[in-house]
Amino acid sequence: MWSVPPCGVPSSERRGQRMTDITEITLTVNGKDYRVRVEPRHTLVDTLRDQCGLTGTHAGCEHGVCGSCTVLVDGDPVRACLMFAVQAQCRQIRTVEGLASGDRLHPLQQSFIDHHGLQCGFCTPGFLMLSTGILERDPDIGDEELLEILSSNLCRCTGYQNIVKAVRAAAAQMRSS
Amino acid sequence: MKPGQFAYHAPKTVADAVAMLAEVAPQNGRVLAGGQSLVPAMAFRAALPGHLVDINGVVELAHLAADAAVLSIGACTRHAAFHRPVADGPLGPLLSSVVRHIAHYPIRTRGTFCGSVANADPASEWCLVAATLGATMVARSTRGTRRIGAAEFFGGIMSTALADDEILTETHLPLLVAGTRYGFYEFSRRAGDFAIAMALVAYRVEGGVITEPRIGVGAVEDRPRRIAEAEAILRDEAPGAELFRAASEVAAEAVDPIDATPDGQEYKRDVVRAAVRRALERAQGTAHD
């Protein structure tokens, strides 16, 4: 095995190297560095769960349709099943584990509880990260655009209405605080 | 549901990227840009590339800039870049009206314009834009640089004029002159789903009649294309509901849907008829004169 050079190392030093082997990389998740050993084919979601032990991010369809694995990469919501872990080096990754401060839940988490925005909970981490990314980018997002964006993820329990209510209520609270 | 093994390469310059691709293309080497189509195909093991040349770290390819005549879209420009108008005149808002139909927001933060064009899915919105507006695709390899017009570029379902060792480094879209009216209409069963049919139209009105009409149809044949017979109906005529209806009828007859059954083909023609008419009506709505 050989280690991937830190970001910014000229590619000429890497030419001709094959990376089918296991490689050691660093992922920065919720502000903490994780040194992990991955194959290039390992997706970000599998690496977060299996190597970093962060099982809050759920792997659902594993082909980019359901949105359960949504995490934030440099602030943008992305499907963690459609990104390889080696591509996530030197990026700021945020997962559901990073939302609460100690025992104090993030307003979105509390709002999902208050508005019954979850039942089985499988899709919830993905919806929370999608909503976090959107509200941080656009705190005043309109109802129509919010609906369009929440259509990105699948929920098979709630019928979506309570998720929409929860995100709207959290958005109002986050704007006022 | 897990991708197969591959060797990973992460060049930082276009020169390095094309050199690496030239080396690995004979061993089923592929370019990885946004990965929003390639990686799902790899998860299904429908794609088993031996090598991936990841161009996300190539800063030269992240550009998105317009000069007086052309919008240059670099290979790493994400769909999400088009949520707000990126060019002066009607082209910027046209692209913004189209982008919201591409998959979902978390796909648009990663997927790229050029990746979609190179993937050549018949239902790709950007392929329809490229075919309708007459884009030029710029392909780079160690053998040099080629410019390929849309008519030659699209070769059928997931098939283009790109050679295995070529990278689509940028797409050039001609800017639309002030006063160009445009309309896009897509029909799909669910938000973010693949189009069943879609139409993009653009035209200008001079002296009360239509000039330079463009009518493009996608997701129906094996590649998007302009429908010359329907454009001919519009040319030199005054815009209006009856004319739009006539043009949409001609478009529906002119297309050759790839659906296997006669019922499926007839259904596609019905959707084309509605999509073209509604796109033309939307174009009428963009008139500011």
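1. A quick definition to start: two residues are in contact if their C-beta atoms, placed from the backbone, lie within 7 Å. On that basis, 29 residues of chain B touch 26 residues of chain A. On chain B's side, strand 1 (7–9), helix 2 (38–43) and helix 4 (105–108) each give two or more residues; helices (H or I, at least four residues) and strands (E, at least two) are DSSP runs, numbered from the N terminus. That side has 15 nonpolar, nine polar and five charged residues, where Ala, Val, Leu, Ile, Met, Phe, Trp, Tyr, Cys and Pro count as nonpolar, Asp, Glu, Lys and Arg as charged, and the others, Gly among them, as polar.

2. Keep in mind that this is a predicted model: local features need pLDDT of at least 70, side-chain atom pairs count only at pLDDT 80 or more, and totals for chains, interfaces and linings use all residues. Residues are numbered from 1 along each chain as its sequence is written, and chains are lettered from A and ligands numbered from 1 in the order in which they are written.

3. As for confidence, pLDDT is the predictor's own score for each residue, from 0 to 100. Chain B has a mean of 96, with 99% of its residues at 70 or more. The complex gets an ipTM of 0.94 and a pTM of 0.94.

4. Chain A has five helices and five strands, running β-β-α-β-β-β-α-α-α-α from the N terminus.

5. Back in chain B, strand 6 (residues 136–141) runs antiparallel to strand 7 (residues 144–149), joined by six bridges. B:M137 has B:I148 as its bridge partner there.

Terms used:
Two strands pair if DSSP finds at least two bridges between them.
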